[in-house]
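Please open the structure in your viewer and keep the selection tool at hand. Each stop on this tour tells you what to select and then what is there.

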Amino acid sequence: MSSAEDTSPAFQVAPSPRTGGVGLFATRVLSRGTLILSEAPLFTLPPTRTNSTVLSALSQRTREEQSEFFTLWNAFKAPHNGRPPLLPALGIFATNALPCGDGPESAKEETGWKTGLCGPREGVFLQASRLNHSCRPNICRWWDPDMQEMRIRALRDIEPDEELCMSYVGVDILQARAERTTEIEEVFRFVCTCEACSLDREECLESDRKRAAVRRLFEEIGQCGKEPTLGMRKVQLALRLLQEEQLVHYEASFSFDAFQFCVLVSDFANAKAWVRKAWEATCNTSGPDSPAARTFKMYWANPRTHQLAGVLPRMTLSGPGS
Ligand SMILES: C[S@@+](CC[C@H](N)C(=O)[O-])C[C@H]1O[C@@H](n2cnc3c(N)ncnc32)[C@H](O)[C@@H]1O
């Protein structure tokens with residue numbers, strides 16, 4: 001592929017019949033890790049926003065931007081479960097806002113455990129806010145605090161015309177479909193029609209089973225500090241299940257667990273291979289300049305600097321390829 005082709009727009013806004021509105025669709029092949037979009041917010045607000053603070057922030061923008069803001073989706077137009085509708089500006093903000101900042105949950109997101117990042121400010125975006133949700137996302141967002149921009153990257157290889165979907169803030173995609181559906185409807189006020197939520201009964205049971213197993217493995221791996229062989233087996237199982245479920249989001253987290261099991265027993269060759277995998281996965285989600293990517297790269301260069309190095313008797317575990 002020539003460099004001219006590489007710089008062509010990565011996506012276009014097009015109708016998304018599945019959601020009843022629009023969405024962003026790939027215009028060409030986007031390989032894993034591709035930076036699809038970097039966008040500054042139209043404006044940001046602290047979590048204590050009101051219709052007046054939204055209107056006040058909006059008044060600082062151009063007329064064209066103000067009109068565009070009012071074309072964004074509003075999921076809070078109608079009463080819901082006894083709760084009244086929101087005023088239009090606030091409803092649009094609530095529907096489209098994405099976290100912009102380092103909230104207390106950000107460290108967890110870096111390693112991929114939770115998508116529920118709650119930054120101190122939220123922002124509305126004219127392009128990124130058009131992204132629909134999927135419980136099997138193919139893209140990932142990351143707020144770049146230095147550039148004050150939202151970065152969207154491909155979590156896996158994406159085909160032309162494929163819709164770009166992220167996981168919405170706070171949706172725990174490792175929950176079973178029924179739980180996700182309830183949560184999404186309650187918080188976001190739509191019925192999720194993503195690929196994972198549209199599986200038939202049998203496929204859905206299988207998907208629920210795998211997601212539940214990954215959740216359990218997250219907990220169990222945390223308790224395997226004295227049993228690295230067992231911990232490593234659980235990591236390998238979790239990674240296989242995630243691959244089958246196409247949930248690459250959590251790869252960095254599990255790979256870093258595997259790295260820690262290896263350093264515990266001074267298996268530095270496998271430790272390097274695992275932390276390299278964690279680094280690669282993190283570059284694909286939050287980019288090479290993110291704090292997590294920098295940390296992983298440092299351990300890749302010298303795994304012996306990790307505080308757990310050599311704590312348990314020496315032993316050889318396994319690498320990511322085995
Ligand atoms: C932030 S907007 C996304 C862009 C929106 N589709 C549009 O036309 O501007 C969120 C809204 O998109 C729709 N949506 C997003 N993800 C969806 C999904 N997985 N299933 C059904 N509707 C979805 C819902 O109507 C939701 O309130």
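Begin by selecting Ala97, which lies in the loop between helix H4 (88-96) and strand S5 (98-99); helices (H or I, at least four residues) and strands (E, at least two) are DSSP runs, numbered from the N terminus. The model that you are looking at is a predicted one, in which local features need pLDDT of at least 70 and side-chain atom pairs count only at pLDDT 80 or more, while totals for chains, interfaces and linings use all residues. Residues are numbered from 1 along each chain as its sequence is written.

Is Ala97 buried or exposed? Ala97 counts as buried because it has 21 C-beta neighbours inside 10 Å; a residue is buried if 20 or more other C-beta atoms lie within 10 Å of its own, exposed if 12 or fewer, and partly exposed in between, with the C-beta atoms placed from the backbone. If you then pick Val169, you will find its C-alpha 9.5 Å from that of Ala97, although the two residues are 72 apart in sequence.

**The ligand and its shell**

Next, select the ligand and the residues around it. The shell has 20 residues, and the closest are Thr19, Gly21, Trp73, Ala75 and Asn132; a residue is near a molecule or strand if its C-beta atom, placed from the backbone, lies within 6 Å of it. Strand S2, helix H4 and strand S7 each supply at least two residues of this shell, and the largest share, three residues, comes from S2. By class, the shell has eight nonpolar, 11 polar and one charged residue, where Ala, Val, Leu, Ile, Met, Phe, Trp, Tyr, Cys and Pro count as nonpolar, Asp, Glu, Lys and Arg as charged, and the others, Gly among them, as polar.

**An open sheet**

Stay with S2 and colour the sheet to which it belongs, an open one of four strands in the order S1-S2-S10-S7 with mixed pairing; two strands pair if DSSP finds at least two bridges between them. Strand S1 (11-16) and strand S7 (132-133) stand at the edges with a single partner strand each, so one side of each is left without a neighbour in the sheet. S1 and strand S2 (residues 21-26) run antiparallel and are joined by six bridges, and you can check one position by selecting Phe11 together with Ala26, its bridge partner in S2.

Move on to strand S8 (139-144) and strand S9 (149-154), which pair in the antiparallel sense over six bridges. Together they form a hairpin with four residues between them, and Gln148 in the turn has a positive phi of about 55°.

**Two domains**

Now colour domain 1 (3-188) and domain 2 (199-305) separately; such bounds come from an automatic or database domain assignment. Their C-alpha centres lie 26 Å apart, and 19 residues of domain 1 are in contact with 23 residues of domain 2. Strands S8 and S9 each supply at least two residues of the side of domain 1 that touches domain 2, a side that holds eight nonpolar, four polar and seven charged residues.

**The whole protein**

Finally, zoom out to the protein, whose secondary structure comes to 11 helices and 10 strands. Its C-alpha atoms fill a box of roughly 65 × 45 × 40 Å along the principal axes, and buried residues make up 40% of its 322 residues.

How values were computed: Contact = placed C-beta atoms within 7 Å.
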